[in-house]
Amino acid sequence: QDVWVPPNGGITYESDGMWRLRLPSGAGDDCRFDAVVIAHNGKCAERLTSSVPARDVHSLLRTRFAASLPGGGREGGGVFTLNSVYSLAFEAPAGVMPSDFDAAEVRGGPLRWLANNAAKYAPADGGGEVWTALSTGAFGKAHKVPQEQLAGTEAEAEVTAKLLRAVEAAVGLEPEALKPLRTRLQLWGAALPLCRWDDPYVWDAEHRIGIAGDWCAASAEHAAT
């Protein structure tokens, strides 16, 4: 059963070696399990493990948000680093965007990734092409806003316009040539992990608690896309 687990005190390690899952009020009785696997990262995972005896597991989940690793790109310094990225989905009229590529990593400017969703899912008859553009972490940090639901805000209009202009520049279109039929912007607050664990998972055999995620044994862009 899917159920929200409170990050503060949501799991506890008991004296008999079992794990207790504490459910919010109204979600049912607490449950006990032999083992726990956390397929999550960010501040919630850090808080969820803050009081467990598996200190090495908690240490790997200590989190900071930044567009780059500390110290000019050296290893993470013992802290899990996540960046914030804007994701813009837009529907362009058929024939406006180039047809000679399905996806591309973009170097320079506010874009990092551009992909044609119609290459995977054929558009409906008479419909346009839906594309996804992901910003760089630096752009996400510079334009980050407190809320992640952006619909109708000035920030949505500003960031959408900037990313559309960046798409035009990346694919060689004239400025404002893109007149999308519709757009959807989302701030991906805890987006790509900049650190990587060189194994497919983490497991503490003594306390029977593990971690899995897209930062285990995969590059951030490949894991996320």
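## A nonpolar patch and its setting

Val37, Tyr201 and Trp203 together make a nonpolar surface patch of about 360 Å². The model is predicted: local features need pLDDT of at least 70, side-chain atom pairs count only at pLDDT 80 or more, and totals for chains, interfaces and linings use all residues. Residues are numbered from 1 along each chain as its sequence is written, and side-chain values use heavy atoms, leaving out hydrogens and water.

**Around the patch**
- Val37 sits in strand β4, which spans residues 36–38.
- Val37 counts as exposed because its relative accessibility is 58%, where exposed means over 50%, buried under 20% and partly exposed in between (1.4 Å probe, protein chains only).

**The chain as a whole**
- You will find six helices and 13 strands in the protein chain, read as DSSP runs (helices H or I, at least four residues; strands E, at least two).
- Of the 225 residues in the protein chain, 40% are buried.
- Among contacts (heavy atoms within 4.5 Å) with a separation of 6 or more, 57% link residues 24 or more positions apart.
- The protein chain exposes about 12,400 Å², with carbon and sulfur atoms supplying 51% of it, by the Shrake-Rupley method with a 1.4 Å probe.

**Cysteines**
- The structure has zero disulfides, a disulfide being a pair of cysteine sulfur atoms within 2.5 Å.
- Cys31 is partly exposed, at 29% relative accessibility.
- Cys44 is also partly exposed, with a relative accessible area of 37%.

Terms used:
Patches are made of residues with over 30% relative accessible area and no salt bridge: like charges are joined within 9 Å, nonpolar side chains (Val, Leu, Ile, Met, Phe, Trp, Tyr) within 5 Å. A salt bridge is a side-chain nitrogen of Lys or Arg within 4 Å of a carboxyl oxygen of Asp or Glu.
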